[in-house]
Amino acid sequence: MRSKRDINEIKALFLEHFNGAKTELHFNNLYELLVAVMLSAQCTDKRVNLITPALFKEYPDISSLAKANLSSLKLLINSCSFFNNKAENLIKMANSVINDFNGEIPLDEKSLVKLAGVGQKTAHVVLIEYQNANLMAVDTHVFRVSHRLGLSSAKTPQATEIDLVKAFKTNLNTLHQAMVLHGRYTCKAIKPNCDGCFLKELCKAKI
């Protein structure tokens, strides 16, 4: 782990460069956010944003999604990775919201993770984006950035999340999205733009 001084400097730079950072997923309400985040697993936000306009036109709310025809839903999202499983989980999720939560999508982690297709990361992203919750979610970008910066050496996203929460403590919602965007556009997996990185002097990676 980095020194407290280094961590504070990294945190301050992220907050300076990504003040008010939000997800690039397009959504208008909690239902659309949850569906978009579920679709985004192992899929780019750009691809999800191409899929969701037609999807939300056909299924504008939880009740319509709960009644969706599985084959029709698969056709609408078939350009998304793992669309077969995602289609099944979307319908199961919607029915669970109807039957177990009186048609209202829950806004607590314990309840959210009970929904089909919703793991801890998905739940955290939803709560971060909808409630500005002080939570961290670790996707492939956050995992890569945190390891290159020496903020974690953990082998799993879950353990990496624990390291980041312990290191940063506050502003986790903004820091999560900052690290996602930094990993997506600057600290890329292949050919990272190290020369244009504001964290270059603090980076531990040998690229």
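Where is the place of Lys191? I found Lys191 in the segment after H11; helices here are DSSP runs of H or I with at least four residues, strands are runs of E with at least two, and both are numbered from the N terminus.

**Entry 1: ground rules.** I am working with a predicted model, where local features need pLDDT of at least 70, side-chain atom pairs count only at pLDDT 80 or more, and totals for chains, interfaces and linings use all residues. I number residues from 1 along each chain as its sequence is written, and side-chain values use heavy atoms, with hydrogens and water left out.

**Entry 2: positive phi.** Back to Lys191: its phi is near 55 degrees, a positive value in a residue other than glycine. I noted the general rule beside it: most residues other than glycine have a negative phi. Lys191 is exposed, with a relative accessible area of 72%. My accessibility classes are buried for under 20% relative accessible area, exposed for over 50%, and partly exposed in between (1.4 Å probe, protein chains only).

Phe82 also has a positive phi, near 55 degrees. I located Phe82 in the loop between helix H5 (70-77) and H6, and at 53% relative accessibility Phe82 counts as exposed.

**Entry 3: the annotated cysteines.** Which residues does the UniProt annotation "binding site" cover? The unreviewed entry lists Cys187, Cys194, Cys197 and Cys203. I kept in mind that UniProt positions are given in the numbering used here, that feature names are shortened, and that annotations may be inferred rather than shown by experiment. The four are spread over 17 residues of sequence yet cluster in space, with a largest C-alpha distance of 10.4 Å.

I looked at two of them more carefully. Cys187 is in the segment after H11 and is buried, at 12% relative accessible area. Beyond residues up to four places away in sequence, Cys187 touches Arg144, Val145, Arg148, His182 and Pro192, where contact means heavy atoms within 4.5 Å. Cys194 is likewise in the segment after H11, but Cys194 is partly exposed, at 31%.

**Entry 4: domains.** I have domain 1 (4-21 + 135-202) and domain 2 (30-131), with bounds that come from an automatic or database domain assignment. Their C-alpha centres lie 27 Å apart. Ten residues of domain 1 are in contact with eight residues of domain 2. Separately, the unreviewed UniProt entry places "domain: HhH-GPD" at residues 39-185. Over residues 39-185 I read 67% helix and 0% strand, with the end C-alpha atoms 21 Å apart.

**Entry 5: the largest pocket.** Of the 23 lining residues, the closest to the pocket centre are Ser40, Cys43, Asp45, Asp139 and Arg184.

For the method, a pocket is an open set of points on a 1 Å grid over the protein atoms alone, where a 1.4 Å probe fits, with protein on both sides within 12 Å along at least five of seven lines; lining residues have an atom within 4 Å of a point.

Helices H2 (30-40), H3 (45-58), H8 (120-131), H9 (140-148) and H11 (172-185) each supply at least two lining residues. H11 gives the largest share, five residues.

**Entry 6: a buried loop residue.** I ended on Val138, in the loop between H8 and H9. Val138 is buried, at 6% relative accessible area. Leaving aside neighbours within four places in sequence, Val138 is in contact with Lys121, Phe143, Pro157, Thr160, Glu161 and Leu164. Val138 and Met179 are 41 residues apart along the chain, and their C-alpha atoms are separated by 9.2 Å.
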